[in-house]
Amino acid sequence: MVTMLDTLFTYLDSQSDAVIRWQGEMTARPALGPDNNGAGEEAKAAWLMEELSRLGLSDISRHDCPDSRTPCGFRPNIAARVPGKAARTLWVIGHMDVVPPGDESLWTSPPYALRVEGDYIYGRGVEDNQQAIVTAMLAADALLRCRATPDCSLGLLFVADEETGMACGLPHVLAAAPDLIGPDDMILVPDMGNREGSMIEVAEKSLAWFRITVTGKQCHASTPEQGVNSLVVASACVLELERLYRIFKNKSALFSPSWSTFVPSKKEANVENINTLPGRDVFYLDCRVLPEYSLSAVEEAVRSIAEETAARYGAGIAVELVHAEQAPAPTPERAPVVQRLIKALKKVRGLEPHICGTGGQTLAAPLRHRGFDAAVWATLMPNAHAPNECSRISATIEDAKIVLAMLFDGLEPQAL
Ligand SMILES: [Zn+2]
């Protein structure tokens, strides 16, 4: 018996060229947020709007967020639906923005021009998070081409601003359109996963980003005794902050790594010339903390270590919390979206998935804070943010099959 799912899967197996074309079009429109010195997501969103209409999606809505830092004055958010028998919707959420390429000399081909090598495609954004967008589009296209009406509706939600704090993206959509996602809807966020697609993320660590500004005294580099070298003080601070690992030392098997992390990351430029002893240095600390710790305790510890270190050198120091997200309650394993996903993976791939937590912040956090259950899952390399970012065409197509399988109640075969 040929089932509806068989028909849909056969169609998807012929869609490699669509994956390549969509990925190429999106990669050529670098969606960097203003915090990454970019013009935002509007060029990519405009292309997506056109493509969604071309595919035959009619239920398309925009939930843009004003942002005067971009040339168009807003950050785009796109929702679209393919109706099923029930209004209950399985949402697939992807983010349109990407991170900068980083050191371009590490790329073997230009980051914003798609390179195809067999099953592998390369370019900034192809995995994070264009693979999710393409997965959702493949599933929608298959339903429309095969004239299939699944039990649940399929929702596509493509948001801005995931990589730099999220505010103009999903949280804005949830606030501006509170009825878009219904209380019984299921939410899938394909933005984290392993190569087998066997990892379902249901919990996150809390996140805190600190900006730490050291104020020393600038002078000529030939007379260091007349100044206070802010780079030396900042460096001492970076090393002293390793103490955080001992203060917040709990472990949880749900997460990998199982401990909290405290990573000095960005450092702003200081003096332009080599013969000036710097008097001001600014660096940042990225903290991912197990949910049982309060972020105010982390902030207090960072502050006291920084102040104590600066005082030792006679420098000033300011610790600012630039972004904080206390982890929400995890999505329970019994949640319908998790259960359907587990069943779909068993049925379609013969996989026994495992449930886990993550140190990366995903779009599931703002959803879980508002009481929605969300499963984070995809079949990834994974290599988000890396040079030569890469994604597999076959993994994208196989993920679209899982999305489709989840749309059918009980995952029973549907007679054609
Ligand atoms: Zn992402």
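A crossing of two helices is left-handed if the near helix is turned anticlockwise from the far one by less than a right angle, and right-handed if clockwise. This is a predicted model, in which local features need pLDDT of at least 70, side-chain atom pairs count only at pLDDT 80 or more, and totals for chains, interfaces and linings use all residues. Residues are numbered from 1 along each chain as its sequence is written, and side-chain values use heavy atoms, with hydrogens and water left out.

**Exercise 1.** Describe how helix α6 packs against helix α8.

Solution.
1. Helices (H or I, at least four residues) and strands (E, at least two) are DSSP runs, numbered from the N terminus.
2. The axes of α6 (residues 230-240) and α8 (residues 295-313) lie 9 Å apart, at an angle of about 140°. Axes are lines fitted to C-alpha atoms, for helices over the stretch in contact, and angles run from 0 to 180 degrees between N-to-C directions.
3. The angle therefore makes α6 oblique to α8 (under 35 degrees is roughly parallel, over 145 roughly antiparallel, 65 to 115 roughly perpendicular, the rest oblique).
4. The crossing of α6 past α8 is right-handed.
5. Contact (heavy atoms within 4.5 Å) involves residues including Val232 and Glu240 of α6 and Ile305 and Tyr313 of α8.

**Exercise 2.** Find the strand order of the open sheet and its edge strands.

Solution.
1. The order is β6-β7-β19, with antiparallel pairing. Two strands pair if DSSP finds at least two bridges between them.
2. β6 (115-117) and β19 (390-392) each pair on one side only, as edge strands.
3. Between β7 (residues 120-122) and β19 there are 3 bridges.
4. Tyr122 is opposite Cys390 of β19.
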